[in-house]
Amino acid sequence: MTYRRQFLKYLAASPLLTSYSAFAQEVEETLGERLTDPRDVINVFEMEALARERIPPAHFGYLATGVDSDETLQANRDGFSRFQIKPRRLVDVSEVDTTVNVLGVQADSPIFLCPVGSQGAYHSDAELGTARAAAAKGHHMILSTQSSTRIEDVAEARGAPIWHQLYSTDRWENTVLMLQRAEAAGATAVCLTIDLPGRRNTETQSRLFREDDRNCLDCHRGQAKPMFEGLDMRGARLTDPSLTWDVIGRMKQVTDMNVIIKGIEVAEDAALAVEYGADGIIVSNHGGRSVETGRGTIECLPEVVAAVSGRIPVIVDGGFRRGTDVFKALALGASAVGFGRPYCFGLGAFGQAGVERVLDLVNRELVIAMRGSGTTSVNNITYDYVHDNGYRV
Ligand SMILES: Cc1cc2nc3c(=O)[nH]c(=O)nc-3n(C[C@H](O)[C@H](O)[C@H](O)COP(=O)(O)O)c2cc1C
């Protein structure tokens, strides 16, 4: 079923042309009819356009949008233009190595798959399609608490240890049970998301909900997500607004997994995370879905890297769409980079094959950026290769 015509009608009537909808103007209306094979898609933006056509409006609204006027969402993209690549010449770049090792995870690419909830809403392949694509292309995967699929099945489909993203709920006994379950499923790290202590104001999503004429209750019958199976969730909140830094120590008392803190944007918090014993940090603003009018995460990265000073790995996500975006983050000191929406656009457009295509596209772009700049491995990509316009601390 195609929702494109309906969606374009919505765009034409919308007073706000948001970052994703601005792109819609550049994409021909016939794209979906012509691009029937994932291999025909030439970049992430085209994949987004196809996903927009194939995913129902309410679900696409959940996936693609931010909060309030989508300014942080846009800031994540705009941030990359504040940094320029400084290429070096006459380096032998015939062999380029994109492998990384982060906290014991060996991956063929520094591009990690971010935790994105409810993947069954984009395609029936859901998280199993994502995991199989990640396995086929050698990418590391982080699975959301809000996954549509059981962690045990996803871990098996990935065929290598995944990381578990945790929404702690506001009941500690639930946190403990989820940590035990993730560890038993073979997860080697837990990524505690700390950037959503309260509610979100999702206006663009609400407008897209209005465009969807399906009855939500036909599918959403209040059933719990698989990660909450067996937990007492009556009256419980997804996140605990009373969490403070001691949560890191409390988690370490009940799990042997590495504890990674997801959602840091400033140097002071990065220093606290290290002080309280975190094993890693993810610089993230939840893909522009948390605090509005924030900075792009690539702009936050230099001060976090400086505060951490090499003591633990720093991963960054938010707005990454191009291999050059990845290159810049690596040059600024990131150990790896997270992609969220892009692979879900691939999933929504073509299922597992679409995720694989997105990974191929961005890896290819990264290799081109590495060769073009005279770098032959991820470790080679240092501050010398980026002009930072004064962002360096
Ligand atoms: C639809 C959607 C669902 C998400 N679900 C989660 C989640 O369950 N847990 C979490 O920590 N982050 C979640 N995120 C945030 C991502 O992990 C990541 O930080 C963000 O998507 C990166 O930005 P990008 O989408 O521009 O790549 C979600 C993001 C989106 C777009």
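Predicted model: local features only at pLDDT ≥ 70, side-chain atom pairs only at ≥ 80, totals over all residues.
What is the volume of the second largest pocket?

View 1. The volume of the second largest pocket comes to about 440 Å³. Its lining is made up of 26 residues, and those that lie nearest the centre of the pocket are G333, A334, S335, V378 and N379. Two or more lining residues come from each of the elements β2 (100-102), α13 (297-308) and α14 (323-331), and of the elements it is β2 that gives the most, with 3 residues. Sorted by class, the lining of the second largest pocket holds 15 nonpolar, 9 polar and 2 charged residues.

**View 2. The largest cavity and the residues that line it.** When the whole structure is searched for cavities of 30 Å³ or more, 1 is found, and the space in the largest cavity amounts to about 40 Å³. The residues that line the largest cavity are F112, C114, P115, I142, I282, I315, D317 and G338.

**View 3. The packing of helix α4 against helix α15.** Helix α4, which covers residues 44-54, packs against helix α15, residues 341-350, at an angle of about 50°, and the two axes lie 8 Å apart. At this angle α4 is therefore oblique to α15, and the crossing in which α4 passes α15 is left-handed. On the α4 side the contact is made by V44, M47, E48, L50, A51 and R54, while α15 contributes P342, F345, G346, G348, A349 and F350. Taken by class, the residues of the contact of α4 with α15 comprise 8 nonpolar, 2 polar and 2 charged.

**View 4. The crossing of helix α7 and helix α8.** The axes of helix α7 (residues 126-137) and helix α8 (residues 151-158) cross at roughly 25° and come within 7 Å. Because angles under 35 degrees count as roughly parallel, α7 is described as roughly parallel to α8, and the crossing of these two helices is right-handed. From α7, the residues E127, L128, A131, R132, A134 and A135 make the contact, and from α8 the residues D153, V154, A157 and R158. The contact of α7 with α8 divides into 6 nonpolar and 4 charged residues, with no polar residue among them.

Terms used: Residues numbered from 1 in each chain as written. Heavy atoms only, no water. 1 Å grid on protein atoms, 1.4 Å probe; cavity = no way out; pocket = protein on both sides within 12 Å on 5 of 7 lines; lining within 4 Å. Points joined across faces, edges and corners; volume = space filled by probe spheres on them. Axes fitted to C-alpha atoms, helices over the stretch in contact; angles between N-to-C directions. Helix = DSSP H or I, 4+ residues; strand = E, 2+ residues; numbered from the N terminus. Parallel < 35°, antiparallel > 145°, perpendicular 65-115°, else oblique. Left-handed = near helix turned anticlockwise from the far one by under 90°. Contact = heavy atoms within 4.5 Å. Nonpolar A, V, L, I, M, F, W, Y, C, P; charged D, E, K, R; others polar.
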